[in-house]
Amino acid sequence: MRIGYYPGCSLLGSSREFDESVRALAGALGLELVQVPDWNCCGASSAHVLDHKLSLALPARILAQAEAAGLEEILAPCAACYNRLASARDALDKDPVLAREMEKVIGRPATHKVRVVNILEVLDRFKDTLPGLLKVPFAHKVACYYGCLLVRPAKVLHFDRAEDPQSMDRLAAAAGAAPLDWNYKTECCGAAFSVTRTDLVARLSGKIVADAVRAGAEAILVACPMCQSNLDMRRTESNAYLGADHQIPVLFITQALGLALGIDANRLGLQRHMVPATFAPAAV
Amino acid sequence: MAGVTYATTTESLAAQVRQHLGVNLSHCYQCGKCAAGCPVAEDMDMTSCRLLRLLQLQQPALDQRVLASEGIWLCLTCETCSTRCPQEVEVAKVMDFVRSEAIARDVAHPRSRDILSFHRAFLDSIRTTGRLYEIGLVADYKVRSRHVLKDVALAPKMYLRGKLPLLPHLIKGRDEVKRIFQRTLGRRR
């Protein structure tokens, strides 16, 4: 199986373990990742806040690059990139006038037919082969945290349920974990306010961590670099807000699945986390 | 306040929201569900629900209050409000529109400055290299916002974990990206 790959900027820097674990997992599953040639940043929240047209044009160039490379579908593991790319594609697909305008802005024609998929959608295609590949079941109680960008706006993304989604829980169960029922699955972590309003991020992320701990989770699983860094890198601040000392690790779903397939922890980038990804030996 | 009205109803923010977004604000019946689910409602000077009510009244003074509010800059665009609205009012899109109008009319709340500095630093990084250069972004933001000492303890920890590459990635299509900026954001500057 072959799929276009858009890593996005975070996966080259502050969340490189997401890229490492996606690549390692793809190798183990026999999925060939073809990188979108000379890709640019999707614009993330910043283009979106400052200029609507820019927030469409940057993804439009990425989609055009993928199309020119003959790719029909691209995987964007970063939930923010996935959301921006899928939203732009949807807007251009629905509005031919806007689509022609964007062709002028990016300076070349494009059909905007390239599909954009997230990591949970892609991994779901391996649900039948995964159990056969299991070597070291990830036998831990986990809180699957989806955040905002994978499921909202539902009218554009058409992925899973907007409230109480299940796709990551199913994957976690396939890896041998016990996904828990908890309250903060799709609450916002504070997203792009990590630098500008760290106080808000400490509160919002703190509540998420506290509820996962309350539910009895041994790890929080995520599929978004912003969620991961707010729950992991901002733990000092969120623990200070809570007046607690929670040490629950925050893993990308690809890291948990990688461990279950017997892939070396360092190849999955587990050593890069701020909160050490170590587990109590208690079995489920 | 009641003395000043719009000469024509097309001037109101509500009318512009309808024209540009296709969102009809009269569909809102003030149930409060948007504000109930909003993760930052308690920090806002006016909640999403109240903001929609002020816009519905189509009064210049009330529109001004919305544009100058601090709360619109605390919105995280998490889209919980739009998702839960029983009348399918796209509240998050309205927030987006109100913010862009506040910038365009130069009436944005002073506390929006740091948030806007961050976004401008972010976009400048992309304009130059094609991709986000995280060290450059943080340095640029510190200069713009004058929060020089913010997170100084975090950077070395990130560097040690291989999370802060020192050099930017330069894409080949940098000229293309620059043209995209000129043809979109450039018109506003």
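## Confidence of the model

Chain B has a mean pLDDT of 91, with 97% of its residues reaching 70 or more, and it belongs to a predicted model. Within chain B, the confidence is highest in helix 3 of chain B (residues 48-56), at a mean of 98, and lowest in helix 8 of chain B, where the mean is 82. For the model as a whole, the scores are ipTM 0.90 and pTM 0.94.

## Contact between chains A and B

The contact between the two chains draws on 40 residues from chain A and 44 residues from chain B. On the side of chain B that touches chain A, at least two residues each are supplied by helix 5 (80-84), helix 7 (113-129), helix 8 (134-145), helix 9 (154-160) and helix 10 (174-183) of chain B. Helix 7 of chain B gives the largest share of that side, namely seven residues. Sorted by class, the residues with which chain B touches chain A comprise 21 nonpolar, 14 charged and nine polar ones.

Helix 8 of chain B, one of the contributors to this side, is also the helix given above as having the lowest confidence in chain B.

## Two domains in chain A

Chain A is assigned two domains, with domain 1 covering residues 2-119 and domain 2 covering residues 135-272. Taken over C-alpha atoms, the centres of domain 1 and domain 2 of chain A are separated by 23 Å, and 24 residues of domain 1 of chain A are in contact with 26 residues of domain 2 of chain A.

On the side of domain 1 of chain A that touches domain 2 of chain A, the elements giving two or more residues are helix 1 (16-29) and helix 4 (79-94) of chain A. The largest share comes from helix 1 of chain A, which provides nine residues. By class, this side of domain 1 of chain A has 12 nonpolar residues, eight polar residues and four charged residues.

## Helices 3 and 4 of chain B

Helix 3 of chain B packs against helix 4 of chain B (residues 60-67) at an angle of about 150°, and the axes of the two helices lie 8 Å apart. Because angles over 145 degrees count as roughly antiparallel, helix 3 of chain B is described as roughly antiparallel to helix 4 of chain B. The crossing of helix 3 of chain B with helix 4 of chain B is left-handed.

In this pairing, L51(B), L54(B) and L55(B) of helix 3 of chain B meet L62(B), D63(B), R65(B) and V66(B) of helix 4 of chain B. The contact of these two helices has five nonpolar and two charged residues, and no polar residues.

Technical notes. Residues numbered from 1 in each chain as written. Chains lettered and ligands numbered in written order. Predicted model: local features only at pLDDT ≥ 70, side-chain atom pairs only at ≥ 80, totals over all residues. Domains from an automatic or database assignment. Contact = placed C-beta atoms within 7 Å. Helix = DSSP H or I, 4+ residues; strand = E, 2+ residues; numbered from the N terminus. Nonpolar A, V, L, I, M, F, W, Y, C, P; charged D, E, K, R; others polar. pLDDT = per-residue confidence, 0-100. Axes fitted to C-alpha atoms, helices over the stretch in contact; angles between N-to-C directions. Parallel < 35°, antiparallel > 145°, perpendicular 65-115°, else oblique. Left-handed = near helix turned anticlockwise from the far one by under 90°.
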